[in-house]
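Colleague: Could you walk me through this one? I'd like to start with the charged contacts.

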Amino acid sequence: MPITVKATREGLLGQKTATGDILDRRRPIVALPSTKALDRFVRVTNPLTHLSAIALVDDVGPFNEHDEAYVFGDGTVRPAAELGKSVSGNGTNGAGIDLGEVVWAAIGMRDNTDVSWEFIS
């Protein structure tokens, strides 16, 4: 069942992801706030454009690292970031997923708005 949350653009081009890969403009990746989601695939859909993309969870975030209740829940548990909770204690922007450059462009994102995402086999 897809989960709809606010998405932001992964802004660390050239930096290492949680898996040690370098964030670039070629690979379709996303970040979810659970280390247990790494190396899984998701489908991300922009409800405004109806475009979707398949991406690898290659980074952890936004803002949290162990939000398993949200990531692996039934869609009723909201991301801790929506409540302003972060590992840094500095607050959040409410996002539940970060999109790499390829995914951002592929689904026609123009701003930090809602997307739907779900794990795929």
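Modeller: A salt bridge here is a side-chain nitrogen of Lys or Arg within 4 Å of a carboxyl oxygen of Asp or Glu. The model is predicted, so local features need pLDDT of at least 70 and side-chain atom pairs pLDDT 80 or more, while totals for chains, interfaces and linings use all residues. Residues are numbered from 1 along each chain as its sequence is written, and side-chain values use heavy atoms, without hydrogens and water.

Colleague: How many salt bridges in the whole structure?

Modeller: The search finds six.

Colleague: Which residue does Arg27 form a salt bridge with?

Modeller: One partner is Asp21, with the closest N and O atoms 3.6 Å apart. Another is Asp58, at 3.0 Å. Arg27 sits in the loop between β1 (3–9) and β2 and Asp58 in strand β4 (residues 51–60), so this pair ties together parts 31 residues apart in sequence.

Colleague: Is Asp58 buried or exposed?

Modeller: Asp58 is buried, at 0% relative accessible area; buried means under 20%, exposed over 50%, partly exposed in between (1.4 Å probe, protein chains only). Arg27 is partly exposed at 26%, and Asp21 is partly exposed at 31%.

Colleague: New topic. What do the strands close into?

Modeller: Six strands form a barrel, ordered β1-β5-β2-β4-β3-β6, with mixed pairing. Strands are DSSP runs of E, at least two residues, numbered from the N terminus, and two of them pair if DSSP finds at least two bridges between them.

Colleague: In which sense do β2 and β5 pair?

Modeller: Antiparallel, over two bridges, between β2 (residues 29–32) and β5 (residues 97–99). Val30 has Leu99 in β5 as its bridge partner.

Notes
Helix = DSSP H or I, 4+ residues; strand = E, 2+ residues; numbered from the N terminus.
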